[in-house]
Amino acid sequence: MGKERRVIKNKGRISRIGSYAISSSMSMRDHRQQPCITCTTFNILAPIYKRLNLNNNKNSRESDCRAYWLARNHRILDSLLRERSSIICLQEFWSGNEELVNMYEKRLGDAGYINFQLPRTNNRGDGLLTAIRKDYFRVINYREVHFNDFGDRVAQLLHVELDAPFSPCRNNDTCQEILIVNTHLLFPHDSSLCIVRLHQVYKILQHVESYQKECKLSPRPIILCGDWNGSKRGHVYKFLRSQGFVSSYDAAHQYTDADAHKWVSHRNHRGNICGVDFIWLLNPNGYCKLLKTSWSEAVFDMFKYLLRRASLTEEDAFAFLKADKDGDCITYVGFCDALRQLKLTGHRHGLCAEETKDLWLQADIDGSGLLDYKEFQQRIWNPASAEQKDEITNEDEDGIPRDRQEQTIGFSVENAVLFPPEAEKGRWPENYSLSDHARLTVVFSPIRMPCSQAIS
């Protein structure tokens with residue numbers, strides 16, 4: 001992985017030598033024998049959004065001052081090239097400025113990266129950049145995902161194969177392919193946009209699932225990178241966790257889902273600090289449940305959250321959902337009206353009629369066309385299946401035992417580090433000027449594992 005790195009052993013901690021973040025539990029000998037890949041995600045704050053106070057004008061933007069944005073982006077590139085991650089995923093890349101685009105293309109290209117850029121739709125000015133080291137990967141395919149919704153957000157999907165001699169997995173019968181996603185979700189300006197953000201993640205996972213089916217791929221490890229604009233307390237986080245994804249930073253530091261306060265990665269325009277930048281990992285044996293099941297559970301969880309935020313108890317919520325207040329059951333009309341009042345439908349970016357009907361059918365367990373109190377409890381208020389995994393049989397759809405199928409590469413999380421280091425303590429340094437986001441880098445070690453059956 002480039003030049004030799006010196007490691008200082010310090011049990012359980014990360015050593016930063018020459019701006020690298022590497023596992024201090026590995027000796028130099030082990031590191032050479034078991035090469036790792038590194039992945040960096042970084043929202044670099046597009047100059048068109050960075051506010052400056054120039055000539056007493058508090059509404060000035062950095063994009064108005066070439067010297068400012070040019071110097072800052074050179075510093076960003078300096079830091080990225082010192083680290084030389086195998087995968088670099090950038091958000092808020094100023095794709096609308098030709099000089100800046102050419103600068104990134106040249107410096108990353110000269111350093112041995114192949115670059116993929118994707119502007120947001122409707123000429124919003126910024127977008128995504130994913131850079132892959134050519135000495136580590138062969139790019140098999142590249143796809144673009146346009147959400148075509150509020151905010152004009154996009155995502156990139158890369159299908160790559162490890163090109164370096166990864167010794168633990170160097171076998172003719174071991175697939176060494178990875179799916180990489182880079183994205184930047186919508187900021188939750190108000191509660192009506194929460195369903196939009198959930199939709200965006202659902203579209204990404206649908207696209208990945210469709211791509212694997214189209215290419216007839218058995219499960220590959222999936223790495224999702226980006227600015228998710230939501231913390232570990234949010235619905236997007238819970239949705240991804242329900243699909244088997246692991247937050248790499250939390251895995252490296254052995255944090256639980258309750259440890260949301262222990263690190264931050266962003267100071268937003270409201271002055272709040274929070275952890276919103278993630279590198280998610282799903283190994284081939286980590287698939288938990290049907291995507292559609294997770295989606296429905298996530299929407300019902302949001303539904304319940306909004307009901308509770310309105311200070312409704314379980315009994316009050318059931319009464320709220322009933323169109324006929326004197327009746328004993330919830331009707332479809334009452335269900336739809338409640339969704340509209342909670343702003344999950346009724347606007348162009350909310351649930352569509354088909355999705356609403358599908359949710360209703362999943363809630364109506366007995367198919368009677370009415371939801372009684374027990375169904376309301378089981379599907380909306382206290383879903384019994386929320387923590388259960390869908391059954392995965394030991395055979396594929398053709399009846400072939402999985403232990404006879406190909407083996408594939410997977411990853412263990414060796415280490416993860418945030419820069420600036422104060423972010424790892426839940427603090428935001430006032431003297432940090434590269435961006436309003438921290439840079440997150442994760443070290444992955446490849447391991448060989450059997451394919452889990454794809455869930456479809």
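The structure is a predicted model, in which local features need a pLDDT of at least 70 and side-chain atom pairs count only at pLDDT 80 or more, whereas totals for chains, interfaces and linings use all residues. Residues are numbered from 1 along each chain as its sequence is written, and side-chain values use heavy atoms, with hydrogens and water left out.

Salt bridges were assigned where a side-chain nitrogen of Lys or Arg lies within 4 Å of a carboxyl oxygen of Asp or Glu, and under this rule the count comes to 20. One of these pairs is formed by Glu-99 and Arg-66, whose closest N and O atoms are 2.5 Å apart. Because Glu-99 lies in helix H3 (residues 98-110) and Arg-66 in helix H2 (residues 66-83), the pair ties together parts that are 33 residues apart in sequence; helices (H or I, at least four residues) and strands (E, at least two) are DSSP runs, numbered from the N terminus. Accessibility was classed as buried under 20% relative accessible area, exposed over 50% and partly exposed in between, with a 1.4 Å probe and protein chains only. On this scale Glu-99 is partly exposed, with a relative accessible area of 35%, and Arg-66 is likewise partly exposed at 45%.

A salt bridge also joins the side chains of Arg-107 and Asp-78, with an N to O distance of 2.6 Å. This pair links distant parts of the chain, Arg-107 being in helix H3 and Asp-78 in helix H2, 29 residues apart. Arg-107 has a relative accessible area of 24% and is partly exposed, and Asp-78, at 32%, is partly exposed as well. In a further salt bridge, the side chains of Arg-133 and Asp-135 meet at 2.8 Å, N to O; here Arg-133 counts as buried at 1% relative accessibility, while Asp-135 counts as partly exposed at 43%.

Turning to the strands, an open sheet is formed by 6 strands in the order E9-E10-E12-E13-E17-E14, with mixed pairing, two strands being taken as paired if DSSP finds at least two bridges between them. E9 and strand E14 (246-247) stand at the edges, each with a single partner strand, so one side of each is left without a neighbour in the sheet. Strand E10 (residues 154-162) is mostly covered, as 8 of its 9 residues are buried. Strand E9 (residues 137-146) runs antiparallel to E10 and is joined to E10 by 9 bridges; in E10, Ala-155 stands opposite Val-145 and His-159 stands opposite Asn-141. Strand E12 (residues 177-184) also runs antiparallel to E10, with 7 bridges between the two, and Leu-179 of E12 stands opposite His-159.

Pockets were located on a 1 Å grid over the protein atoms alone, as open sets of points where a 1.4 Å probe fits, with protein on both sides within 12 Å along at least five of seven lines, and lining residues have an atom within 4 Å of a point. Grid points are joined across faces, edges and corners, and a volume is the space filled by probe spheres set on the points. The largest pocket holds about 970 Å³ of space and is lined by 36 residues, of which Leu-45, Tyr-49, Glu-92, His-269 and Asp-436 lie nearest its centre. For the lining classes, Ala, Val, Leu, Ile, Met, Phe, Trp, Tyr, Cys and Pro count as nonpolar, Asp, Glu, Lys and Arg as charged, and the others, Gly among them, as polar; the largest pocket accordingly has 7 nonpolar, 13 polar and 16 charged lining residues.

The second largest pocket has a volume of about 760 Å³, and of its 32 lining residues, Pro-188, Asn-229, Gly-230, Ser-231 and Gly-234 lie nearest its centre. The elements that give two or more residues to this lining are helix H4 (194-214), helix H5 (235-242), strand E16 (273-274) and helix H7 (291-309). By class, the lining of the second largest pocket divides into 13 nonpolar, 11 polar and 8 charged residues. Helix H5 also contains Phe-239, which counts as buried at 1% relative accessibility. Phe-239 and Tyr-202 are 37 residues apart in sequence, with their C-alpha atoms 8.8 Å apart in space.

With a disulfide taken as a pair of cysteine sulfur atoms within 2.5 Å, the count comes to 0 disulfides. Among the cysteines, Cys-65 counts as buried at 17% relative accessibility, whereas Cys-329 is partly exposed, with a relative accessible area of 24%.
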